[in-house]
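Biologist: Could you pick one part of this protein's surface and walk me through it closely? I'd like the terms spelled out as you go.

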Amino acid sequence: MYRYPNAARRGAQDPEMMREAQKMMQSPEFQAYMKQMTQSQAFQQSMKKTQEVMKDPKKMKEMESKVNQALEEGTKQLEKVKLEDKDKEGEEGDDKKEAAKEEGDDKKEVEDVPDIAGDEDDSKPSTLSDVNVALN
């Protein structure tokens with residue numbers, strides 16, 4: 001019996017992934033592509049070779065080993081990309097934190113500035129001369 005690697009098993013158990021796969025398989029474009037592909041000479045020859053390999057237990061083990069190795073390598077590459085993306089997000093997050101800190105510092109400076117209108121009713125000066133009077 002063929003053994004699926006853990007990554008493939010997890011993918012098959014992911015409901016969202018299965019919904020997307022089902023949606024894709026039901027699309028007319030995908031069905032037309034599959035029909036065209038399965039009727040090609042190359043596909044039919046490949047299927048015959050695969051059936052022959054499956055009849056020979058020794059060749060089947062070799063094939064299974066190659067598939068497992070390819071899946072392992074793919075999983076490693078995927079993890080590497082995920083780590084790189086996570087590192088990039090971390091760096092961007094640090095930049096955003098620094099920018100927010102600097103922005104917060106600016107806010108403190110603005111909050112410490114006294115009201116230029118000088119009125120207790122918080123009215124704003126309506127003309128430039130009112131601003132000049134308030135500043136002087």
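Modeller: Happy to! A patch is built from residues that have over 30% relative accessible area and no salt bridge, with like charges joined within 9 Å and nonpolar side chains (Val, Leu, Ile, Met, Phe, Trp, Tyr) within 5 Å. Asp and Glu count as negative, Lys and Arg as positive, while His and the chain ends are not counted. Each charge is placed at CG of Asp, CD of Glu, NZ of Lys or CZ of Arg. This is a predicted model, so local features need pLDDT of at least 70 and side-chain atom pairs pLDDT 80 or more, whereas totals for chains, interfaces and linings use all residues. Numbering starts from 1 along each chain as its sequence is written, and side-chain values use heavy atoms, without hydrogens and water.

Now the part itself: Glu-84, Asp-85, Asp-87, Glu-89 and Glu-91 form a negative surface patch. Asp-87 sits in helix α5, residues 57-111. Helices here are DSSP runs of H or I with at least four residues, and strands are E runs of at least two, numbered from the N terminus. The protein has six helices and zero strands.

Areas come from the Shrake-Rupley method with a 1.4 Å probe; for residues, only the protein chains shown count as cover. Met-63 is partly exposed at 33%, where buried means under 20% relative accessible area, exposed over 50% and partly exposed in between (1.4 Å probe, protein chains only). Buried residues make up 3% of the 136 residues.

For contrast, a salt bridge needs a side-chain nitrogen of Lys or Arg within 4 Å of a carboxyl oxygen of Asp or Glu. The count is one: Lys-23 with Glu-20, at 3.4 Å from N to O.
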